[in-house]
Amino acid sequence: MKQASVAVIGGGVSGATTALFLGERGLKVTLFEKEPGLVSGPPFCHLHAGGNLYRDISDEQCITLLRQSIDFLRFYPFTIDYRPTVIALPLTDSGIPEALLPRLKLLRSEYEKLVGEDAGNQVLGKSGDYYKLYSREALEALKQRPSVAQPAKHDEWMIPAAKNIDLDKVQFPLILVQEYGLNLFRLSAGVTLALERVANVNLKTETVVSNIQENCYSGTWNITYVQKDQARQENFDYLVNAAGFRSGKIDDLIGVECKRMVEFKAAYVSRWENCCDTRWPEIIFHGERGTPRGMGQFTPYPDGYFQLHGMTKEITLYEDGLVANSIVSCQPHLKQNFIEKIDRSWSPEETGQRTQNAIRHLSRFIPAFSRAKVGSKPLFGAQQIPGDDPALRVAEVSFPQKRYARCEIVKVSSALDMADAIVKDLMALGYLNASAHEHRRLTKTLESLKETEITAYAKTVALKRDYPASLSGRTVPQMP
């Protein structure tokens with residue numbers, strides 16, 4: 001079988017994962033990335049192992065997110081921050097905690113089923129421990145207990161939340177669920193180190209694809225790209241569009257139809273110095289998206305750093321931040337001020353204002369957090385959303401033309417299903433044999449990486465991007 005050549009445009013989660021998948025299966029892969037490093041697109045911080053942050057999506061999407069998250073954790077275990085998530089509903093919220101229980105029971109059952117199918121799927125703790133409810137009485141009792149330096153049990157994780165949440169402002173029960181954290185900088189580090197070790201993967205960073213022509217006679221793609229101010233051309237058998245929010249530009253070069261949206265979002269980095277010795281769970285305060293009472297997300301990192309989301313237009317969301325493509329182009333056009341942020345920088349004034357807005361938003365429920373300060377520039381980017389449903393959370397890949405795959409993941413955990421689908425398409429085209437789809441959770445390259453080198457590289461990635469090195473840290477598993 002001829003060694004097929006594959007061009008992957010875009011080095012985010014989808015492009016880097018695809019390049020690693022295909023490279024390890026013997027294909028000749030060239031990965032084109034505009035930025036100096038990999039996985040530098042929209043921020044992510046949460047493994048949606050059940051989709052409990054999203055009350056508005058279907059049970060079917062939640063079950064898919066659970067399965068995909070388990071697969072992602074098994075494939076990229078070094079990216080996981082092993083700490084649970086607390087779900088709280090404010091008194092002002094229109095919902096009630098009891099309404100969440102049927103879905104939690106369903107997810108616990110689905111998790112138990114997945115573990116029954118493969119014991120290796122037990123990566124979120126025991127299925128019976130998938131979630132736990134906390135009454136006010138239980139939380140008042142936990143308030144009297146000292147914090148635990150290395151929490152392992154649910155109650156130990158819940159102590160900081162019990163001590164710091166204003167219990168007069170939330171409904172009961174509070175819910176602790178085994179949805180973990182995801183570390184962007186560790187994924188960037190690990191997948192870069194892995195790809196550098198795969199001999200048949202050619203990694204071209206700081207490279208812009210400027211033109212694509214299909215050769216109908218040879219069945220190849222001719223790609224023109226610019227690297228170090230020099231234009232070059234190469235031919236490839238197969239093309240993967242993993243260009244993220246700029247994927248419409250690749251569609252336009254090829255001339256295929258599409259329907260998509262793009263949404264600019266930002267998360268804010270704060271530092272709460274006097275809580276540095278406490279390990280926190282992530283805490284979610286539900287709310288109505290786009291209103292002043294939008295969901296608040298409190299994501300812990302080492303050394304007192306917290307990443308903050310507030311689903312209001314003064315914090316994470318933006319006026320005119322959600323745009324759709326037009327009938328003349330597949331590429332939705334964000335306003336120039338968003339492009340300036342993505343390609344250049346944020347103003348100190350906007351960084352300070354929006355971070356303080358986020359601190360105030362979370363301080364409504366965690367009063368002592370009002371003492372937090374700006375920790376760094378925001379984490380930000382533009383998220384592609386295939387179709388016309390902004391609430392969509394599960395999407396992978398489409399094949400609008402022969403030998404062309406368009407990656408459209410919304411959540412990073414969808415990356416492995418996406419890679420699976422591309423492998424099956426390559427098998428159908430005769431570029432891979434049937435064995436290519438076996439044992440996809442195993443990757444010798446990732447398994448060869450050492451924790452020390454991932455940790456060191458992740459710190460370097462954070463610092464190069466002007467973020468605190470602490471954001472590359474994580475909580476490792478503790479046995480209860």
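Reader: In which loop is Asp303 found?
Author: This is a predicted model, in which local features need pLDDT of at least 70, side-chain atom pairs count only at pLDDT 80 or more, and totals for chains, interfaces and linings use all residues. Residues are numbered from 1 along each chain as its sequence is written, and side-chain values use heavy atoms, with hydrogens and water left out. Helices (H or I, at least four residues) and strands (E, at least two) are DSSP runs numbered from the N terminus. On that basis, Asp303 is found in the loop between strand E15 (296-300) and strand E16 (305-310).

Reader: Is Asp303 buried, partly exposed or exposed, and what is its phi?
Author: Buried means under 20% relative accessible area, exposed over 50%, and partly exposed in between (1.4 Å probe, protein chains only). Asp303 has 38% relative accessibility, so it counts as partly exposed. Asp303 is a residue other than glycine, yet its phi is positive, near 65 degrees.

Reader: Where is Arg403, and is it buried or exposed?
Author: Arg403 is not a glycine, but it has a positive phi of about 65 degrees. Its place is in the loop between E20 and E21. Because its relative accessibility is 10%, Arg403 counts as buried.

Reader: In which sense do E20 and strand E21 pair, and over how many bridges?
Author: Two strands pair if DSSP finds at least two bridges between them. Strand E21 covers residues 404-407, and Gln401 stands opposite Tyr404 in E21. The pairing of E20 and E21 is antiparallel, over 3 bridges.

Reader: What is the order of the strands in the open sheet, and which are the edge strands?
Author: The open sheet is formed by 6 strands with mixed pairing, in the order E8-E2-E1-E12-E21-E20. Each edge strand pairs on one side only, and these are strand E8 (201-204) and strand E20 (397-401).

Reader: By how many degrees are neighbouring strands of this sheet turned against each other on average?
Author: Axes here are lines fitted to C-alpha atoms, for helices over the stretch in contact, and angles run from 0 to 180 degrees between N-to-C directions. With direction ignored, the average for neighbouring strands of this sheet is 20 degrees.

Reader: Which peptide bond is cis?
Author: Look at Pro173, in the loop between helix H5 (154-164) and strand E6 (174-177). Omega is near 5 degrees for the cis bond from Phe172 to Pro173.

Reader: Is Thr79 buried or exposed, and which residues does it touch?
Author: Thr79 lies in the loop between helix H2 (59-75) and strand E3 (80-81). It counts as buried because its relative accessibility is 0%. Contact means heavy atoms within 4.5 Å. Not counting residues up to four places away in sequence, Thr79 touches Phe72, Gly181, Leu182, Asn183, Arg186, Leu187 and Arg474.

Reader: Which backbone oxygen does the side chain of Thr79 reach?
Author: The distance is 2.8 Å. The backbone oxygen that the side chain of Thr79 reaches belongs to Tyr76.

Reader: How many helices and strands has the protein chain, and why is it as compact as a globular protein of that length?
Author: The protein chain has 12 helices and 21 strands. The globule rule is 2.2 Å times the number of residues to the power 0.38, and the radius of gyration is taken over C-alpha atoms. For 480 residues the rule gives 23 Å, so the chain is as compact as a globular protein of that length, with a radius of gyration close to that value, at 22 Å.

Technical notes. A polar contact is a pair of N or O atoms within 3.5 Å; within protein, one must be able to donate a hydrogen and the other to accept it, and residues adjacent in sequence count only if both atoms are side-chain atoms.
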